[in-house]
Amino acid sequence: MKLSKIFECMGGKVEYKIYNEQEFERLQLVSHTSEQRACIFIDDIKYLKDIKENVCMILCSPEVAENTVFSSNTGICIIQKPRLVFFMIHNYLMTTTDYPRKTIPSKIAANTTIAETAVIATNNVTIGENVIIEDFVVIKEHTSIGDGTVIRSGSIIGNNGYEFKRDDNRIMPVTHGGRVVIGKNVVIGANSVIDKAVYPWDITQIDDETKIDSLVSISHGVKIGKAVMVVAQACILGRSVVDDGAKIGPGAVIRNAVHIGEKANISMGSVVTQNAPEHSCMTGNFAINHDKFISHIKELL
């Protein structure tokens with residue numbers, strides 16, 4: 001793909017200057033990495049240190065371009081509102097034939113139990129052996145569910161997440177083109193929502209043996225490991241990672257792109273805005289080490 005060709009197909013809606021243009025294979029955020037050649041956006045010089053080796057094309061503001069020396073192997077597109085334009089490009093590519101995920105008929109194992117009121121998408125759903133899907137569950141396209149998993153009543157799997165970009169007085173929705181992959185022997189509690197990832201190459205993942213309570217919200221691109229416990233009304237925002245054996249308490253909120261370490265414990269009602277080390281316990285709003293939190297409360301009393 002080339003940005004100049006994409007902008008041409010978008011009908012000349014964007015003013016831009018391109019230097020040393022490079023072909024790329026996918027869009028990604030600066031925090032992502034892969035072996036494919038990628039196009040990213042940068043709207044602040046503080047993110048320059050996070051550029052990965054697979055990045056070959058960068059959308060950036062004039063201010064970033066003026067204060068940066070880029071690699072000779074990197075193409076630069078100077079543009080106003082690089083974040084907005086990046087997602088405009090994504091939305092356009094989702095209307096083409098090659099960028100989105102391919103359509104295949106859904107495949108459901110014969111011994112799966114599905115309630116009559118459940119709704120399963122005709123295409124792009126895979127459901128394994130001995131799965132139980134209760135009343136009023138909705139399984140949307142690009143969802144894979146492993147053997148022995150239980151989806152409780154009213155849950156929605158593969159939903160379009162809350163991803164919007166503001167453009168002056170209008171708000172642009174971002175098309176979701178990724179997947180949800182749920183492992184084996186997972187439980188999803190009643191009325192929980194799991195959003196699919198934004199990019200066609202990305203997934204929202206719930207790994208084997210994880211147990212999710214009722215009224216839990218898991219946003220696009222979240223990666224939850226094995227044997228994690230997520231208790232009622234918890235909210236895990238986009239692209240966060242929760243490692244194996246962790247526990248997210250009731251009503252806890254995990255900010256986007258936060259990493260919860262292996263067997264970490266997030267106390268009930270906590271608002272987590274920073275990474276939680278493995279085996280740690282985080283408490284409060286904003287959450288800090290549990291022992292420090294309790295010590296501080298005792299001092300106040």
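**Figure 1. Lys81 in the loop between strand 5 and helix 3.** Lys81 is placed in the loop that lies between strand 5 and helix 3; helices (H or I, at least four residues) and strands (E, at least two) are DSSP runs, numbered from the N terminus. The model is predicted, so local features need pLDDT of at least 70 and side-chain atom pairs count only at pLDDT 80 or more, while totals for chains, interfaces and linings use all residues. Residues are numbered from 1 along each chain as its sequence is written, and side-chain values use heavy atoms, with hydrogens and water left out. Phi of Lys81 is near 55°, a positive value in a residue other than glycine. Most residues other than glycine have a negative phi. With a relative accessible area of 39%, Lys81 is partly exposed; buried means under 20% relative accessible area, exposed over 50%, and partly exposed in between (1.4 Å probe, protein chains only).

**Figure 2. The salt bridge between Lys81 and Asp168.** The two side chains meet at 3.3 Å, N to O, where a salt bridge is a side-chain nitrogen of Lys or Arg within 4 Å of a carboxyl oxygen of Asp or Glu. Because Lys81 lies in the loop between strand 5 and helix 3, and Asp168 in the loop between strand 15 (164-167) and strand 16 (170-173), the pair ties together parts that are 87 residues apart in sequence. Asp168 counts as exposed, at 57% relative accessibility. A network of salt bridges links Lys81, Asp167, Asp168 and Arg170. By this rule the count comes to 11 salt bridges.

**Figure 3. Salt bridges of Lys226 with Asp207 and of Lys211 with Glu209.** In the pair formed by Lys226 and Asp207, the closest N and O atoms are 3.2 Å apart. This pair links distant parts of the chain, 19 residues apart: Lys226 is in the loop between strand 23 (223-224) and strand 24 (229-230), and Asp207 is in the loop between strand 20 (203-206) and strand 21 (211-212). Lys226 is partly exposed, with a relative accessible area of 39%, whereas Asp207 counts as buried at 16% relative accessibility. The side chains of Lys211 and Glu209 meet at 3.7 Å, N to O. Lys211 is partly exposed, at a relative accessible area of 34%, and Glu209 is partly exposed, at 38%.

**Figure 4. The open sheet of 5 strands and helix 3.** The strand order of this sheet is 1-5-4-3-2, with mixed pairing; two strands pair if DSSP finds at least two bridges between them. Its edge strands are strand 1 (17-19) and strand 2 (26-27), each of which pairs on one side only. Strand 1 runs antiparallel to strand 5 (residues 75-78), to which 3 bridges join it. Lys17 has Ile78 in strand 5 as its bridge partner. Helix 3 (residues 82-93) lies across strand 2, strand 3 (38-42) and strand 4 (55-60), running at about 145° to strand 3. Contact means heavy atoms within 4.5 Å; axes are lines fitted to C-alpha atoms, for helices over the stretch in contact, and angles run from 0 to 180 degrees between N-to-C directions.

**Figure 5. Parallel pairing of strand 14 with strand 11 and with strand 19.** Strand 11 (residues 138-139) is joined by 2 bridges to strand 14 (residues 156-159), and the two run parallel. Ile139 has Ile157 in strand 14 as its bridge partner. Strand 14 also pairs in the parallel sense with strand 19 (residues 193-195), over 3 bridges. Here the bridge partner of Ile157 is Ile194 in strand 19. Strands of a sheet pair through backbone hydrogen bonds, either parallel or antiparallel.

**Figure 6. Leu215 in the loop between strand 21 and strand 22 (217-218).** Phi of Leu215 is near 55°, a positive value in a residue other than glycine. Leu215 counts as partly exposed, at 47% relative accessibility.

**Figure 7. Ile294 in helix 4 (residues 290-300).** Ile294 counts as partly exposed, at 31% relative accessibility. The C-alpha atoms of Ile294 and Val150 are separated by 37 Å, and these residues are 144 residues apart along the chain. The C-alpha atoms of the protein chain fill a box of roughly 60 × 50 × 40 Å, taken along the principal axes. Buried residues make up 46% of the 301 residues in the protein chain.
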